Each structure stands twice: as structure tokens, then as C-alpha cells.
Amino acid sequence: ESNGVRTDPLHTIIEVARQMDFLKDQRGPAAHCQLIGGEVSLLSPEDHAKVIQIMKSFGRLPMSFTHGDFDYEYVRELAIESYVKNEIPRPISR
């Protein structure tokens with residue numbers, strides 16, 4: 001049941017790292033990955049950014065899927081503030 005799924009940040013961070021480690025062993029060091037399951041914006045922007053950073057640290061190219069239940073401040077915090085705090089490299093504009 002979806003209402004029984006844990007959404008606390010520590011659980012999410014640990015489980016994503018565990019899954020990335022498994023995928024690295026099973027499928028190699030690089031590929032895309034998706035952050036889905038419930039509503040990812042239930043995580044704070046900073047925790048959301050930490051999960052993205054974990055995915056990147058395993059050589060993955062993360063994609064974050066949401067139902068869009070967030071506001072401008074959430075996106076600004078995730079895309080700008082959390083990148084600076086967590087030293088996440090910004091994508092190169094072309």
C-alpha cells in the first residue's frame with residue numbers, strides 16, 4: 001500500500017545509495033536513473049538534492065519525476081541553493 005511507504009529523508013538516502021550500489025554491480029558504472037515513487041517533492045529541496053548527488057556519485061545521470069506539487073521557491077531551492085550547498089555541478093548550457 002502506497003500510504004505505508006516511508007518518506008523520511010534518511011530512509012530515502014540510504015535506500016537510493018543501496019540501489020545505486022546494486023545497479024553499479026549488476027549493470028555497470030554509468031546509465032540514467034529515475035527518482036520516482038510517491039511524490040519526490042515530499043523531500044525537502046536540500047534532501048532532494050542530496051539524493052540526486054548520491055545518484056551522480058555512482059556515475060548515474062539522474063532524472064527526478066514529480067506530480068508537480070511544489071512552488072517556485074521549492075524549485076529555486078532545489079535548482080540553485082541546494083546545488084551550491086551540496087556542490088553539485090551544474091549542467092553545461094549549449
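Is H48 buried or exposed? H48 is buried, with a relative accessible area of 3%; buried means under 20%, exposed over 50% and partly exposed in between, using a 1.4 Å probe and protein chains only. This is a predicted model, where local features need pLDDT of at least 70, side-chain atom pairs count only at pLDDT 80 or more, and totals for chains, interfaces and linings use all residues. Residues are numbered from 1 along each chain as its sequence is written, and side-chain values use heavy atoms, with hydrogens and water left out.

**H48 and its surroundings**

- H48 sits in helix α2. Helices (H or I, at least four residues) and strands (E, at least two) are DSSP runs, numbered from the N terminus.
- Setting aside residues up to four places away in sequence, H48 touches L35, V40, L43, S64, Y74 and L78. Contact means heavy atoms within 4.5 Å.

**Helix α1**

- Helix α1 covers residues 9-27, 19 residues in all.
- From first C-alpha to last, α1 reaches 26 Å, close to the 27 Å expected at 1.5 Å a residue. The expected span is 1.5 Å times one less than the number of residues.
- T12, V16 and M20 are the buried residues of α1. They lie on the same side of α1 because they cover an arc of only 65° around the axis. The arc is that of the directions from the helix axis to the C-beta atoms.
- The buried residues of α1 pack against β1 (31-35), α2 (45-57) and β2 (60-64).
- L10, F22, D25 and Q26 are exposed on the other side of α1.
- Just after α1, G28 takes a positive phi of about 95°.

**Nonpolar core**

- The largest nonpolar core has 9 residues: V16, M20, C33, L35, V40, L43, V51, I54 and M55. Such a core is a set of buried Ala, Val, Leu, Ile, Met, Phe, Trp, Tyr and Cys residues joined through side-chain atoms within 4.5 Å.
- Helix α1, strand β1 and helix α2 each give two or more residues to this core. The largest share, 3 residues, comes from α2.
- I54, one of the core residues, is in contact with I13, V16 and A17, leaving aside neighbours within four places in sequence.
- In soluble globular proteins, nonpolar side chains tend to be buried together.

**Salt bridges**

- A search of the whole structure finds 3 salt bridges. A salt bridge is a side-chain nitrogen of Lys or Arg within 4 Å of a carboxyl oxygen of Asp or Glu.
- In α1, E15 and R18 are 3 residues apart, about one helical turn. Their side chains meet in a salt bridge at 2.7 Å, N to O. E15 is partly exposed at 23% relative accessibility.
- In α2, D47 and K50 are 3 residues apart, about one turn of the helix. Their salt bridge is 3.9 Å, N to O. D47 counts as buried at 14% relative accessibility, whereas K50 is partly exposed at 31%.
- In α3 (residues 72-86), E73 and R76 are 3 residues apart, about one helical turn. The closest N and O atoms of their salt bridge are 2.9 Å apart. E73 is partly exposed at 43% relative accessibility, and R76 is partly exposed at 27%.
- An α-helix has 3.6 residues a turn, so residues three or four places apart point the same way.
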